[in-house]
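Keep the structure open while reading.

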Amino acid sequence: MIPEQPDELLVERAKRGDTRAFEMLVVKYQRRIERLIARMVRDVDLVQDIAQESFIRAYRALPQFRGDSAFYTWLYRIAVNTAKKALVDLKRDPLVVESALSSVSDDDDETSRVERELTDGATPEAVLASKEIAETVNAAIAALSEDLRQAITLREIEGLSYEEIAEMMNCPIGTVRSRIFRAREAIAQRLRPLLDTREGERW
Amino acid sequence: MLNSSGSSSDTVRQSLSSLMDGRLDEASIDSAFSAWRSDAQARECWHAYHLIGDVLRSDELAVQPARDEAFLAALRAKLAAEPVPLSPGRRQGERAWRQRLVAPAAVAAGFVAVAGALVVLRGAAPQDGGQGALVAGAGAGEMVVVNREVIRDARLDRYLAAHRKVSNTASVQVPGAVVRSVDTVVLETK
């Protein structure tokens, strides 16, 4: 069976009540969901609150998710609706500070990243840290052998299946699986020093 | 799972890599989940691999992992407070549903509120000596009950018909459960 939906394995388990599977999905999509919400709401704490609320709603609605759409598409809609509802509630609240709101836009924001981050209230340290992470990943990709770089690029950026990659690279599927894994692990090893967390904050 | 240097075995990391592409065989899933639970480095690995994918697609997603960890920790606390959304086949879920909807007084009277409609249960002890009783459901309007037989109203029929169609695939979520059929709702006497 070639799954069109890579999340199917995890979603099936989550629907049966396995919270570990749900947590893995959260880790997978949390950044994208927060970015989506951040286009609608400026306040960083509020973005996180809405993101949390979105995942809770998704958890409650899991039994109704039938797999007609991709899991992320379904999650995306829940997040947008949760954010819109939060904005409506905020606008009704006379105590709300105007700067917490930004205009609701469905299009990709053209606002420069730096400007948005400054208005988000993100610290310069946080901005620098994420730049460093981005640079490290890009440098690590460039340092990979051609085979590993191609495999992970085709998978992560082009979104091709193992079968499609095997065809393009003219190699067995097992080799594709192994190359993707080795590429990920090589990049992760470069990242780990940067990702070392503070004491007391453990996964 | 931990080798002498203290890092997760390559097998676990390979499994996680396959799992994130949806390409892990069923047999290996359980050990991957166990690793998630027991091994912080497995969790870190899952997070790192996904961060890498996100960053490859967009620099905007290069986020400090400490924030992501805090996010998951906060969410876990909230999830712990949630009732488990149940799927078909979980017998204990059905029992829990019945226990929540059947209050002792209602049981004695032979009536049970099911999502706002009142349904008479077979085997209920007669309380009204055969008199007809007009009963109001919570928000579902009224039904006429004579001699413990329900003279169904159209609303109940539509409700039951709709839920019978989906009863095989719908999940039972407490509260607000699906009634499979009136006949199979059995009274549990204390």
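**From a loop to the chain contact**

A:Ser161 sits in the loop that runs between H7 and H8 of chain A. The model is a predicted one. How exposed is A:Ser161, judged by its C-beta neighbours inside 10 Å? It has 19 such neighbours and therefore counts as partly exposed, since a residue needs 20 or more to be called buried. Along the chain, A:Ser161 and A:Ile173 are 12 residues apart, and their C-alpha atoms are separated by 9.8 Å.

A:Glu163 belongs to helix H8 of chain A, which covers residues 162–169. A:Glu163 counts as exposed because it has 11 C-beta neighbours inside 10 Å, and the limit for that class is 12 or fewer. Its C-alpha atom lies 8.5 Å from that of A:Val176, a residue 13 places away in sequence.

A:Val176 is one of the buried residues of H9(A). This helix takes in residues 173–195 of chain A, 23 residues in total. From first C-alpha to last it reaches 31 Å, close to the 33 Å expected at 1.5 Å a residue. H9(A) also has a kink of about 35° at A:Gln189, shortly before the proline A:Pro193.

The buried residues of H9(A) include A:Arg177, A:Arg179 and A:Arg184 as well as A:Ile180, A:Phe181, A:Ile187 and A:Leu191. What do the buried residues of H9(A) pack against? Within chain A the partners are helix H6 (124–143), helix H7 (146–156) and H8. In chain B they are helix H1 (10–20) and helix H3 (40–57).

One of these pairings can be described by its geometry. The axes of H7(A) and H9(A) are 8 Å apart, and the two helices pack at an angle of about 95°. H7(A) and H9(A) are therefore roughly perpendicular to each other, as angles from 65 to 115 degrees are classed that way. On the H7(A) side the contact is made by A:Asp147, A:Leu148, A:Arg149, A:Ala151, A:Ile152 and A:Arg155. On the H9(A) side the residues include A:Val176, A:Arg179, A:Ile180, A:Ala183 and A:Arg184.

B:Tyr49 touches A:Arg184 and A:Ala188, along with B:Leu16, B:Ser17 and B:Met20, not counting residues up to four places away in sequence. Helix H3 of chain B, residues 40–57, was listed above among the partners of H9(A). H3(B) is mostly covered, with 14 of its 18 residues buried.

B:Tyr49 is also a member of the largest nonpolar core, which has 68 residues. It is among the members that touch the most other members, together with A:Leu25, A:Ile37, A:Val41, A:Ala151, B:Leu16 and B:Ile52. Helix H2 of chain A, residues 19–38, gives the most to this core, with 10 residues.

A:Leu10 lies in helix H1 of chain A and touches A:Ala21, A:Met24 and A:Leu25, not counting residues up to four places away in sequence. A:Leu10 is buried because 26 other C-beta atoms lie within 10 Å. Its C-alpha atom is separated by 9.6 Å from that of A:Glu23, 13 residues apart along the chain.

Next, the contact between the chains as a whole. In total, 55 residues of chain A are in contact with 52 residues of chain B. Helix H1 (8–15), H2, helix H3 (44–61), H6, H7 and H9 of chain A each supply at least two residues of the side that touches chain B. H2(A) gives the most to that side, with 12 residues.

Last, the make-up of each chain. Chain A has 9 helices and 0 strands, and 34% of its 203 residues are buried. Chain B has 7 helices and 5 strands, and along its sequence the pattern is α-α-α-α-α-α-β-β-β-β-β-α. Buried residues make up 32% of the 190 residues in chain B. Among contacts between residues at least 6 apart in sequence, 62% in chain A join residues at least 24 apart; in chain B the figure is 45%.

Note on methods:
Residues numbered from 1 in each chain as written. Chains lettered and ligands numbered in written order. Predicted model: local features only at pLDDT ≥ 70, side-chain atom pairs only at ≥ 80, totals over all residues. Helix = DSSP H or I, 4+ residues; strand = E, 2+ residues; numbered from the N terminus. Core = buried A, V, L, I, M, F, W, Y, C linked by C-beta atoms within 7 Å. Contact = placed C-beta atoms within 7 Å. Expected span 1.5 Å × (residues − 1). Bend = angle between axes of the 7 residues up to and from the residue. Axes fitted to C-alpha atoms, helices over the stretch in contact; angles between N-to-C directions. Parallel < 35°, antiparallel > 145°, perpendicular 65-115°, else oblique.
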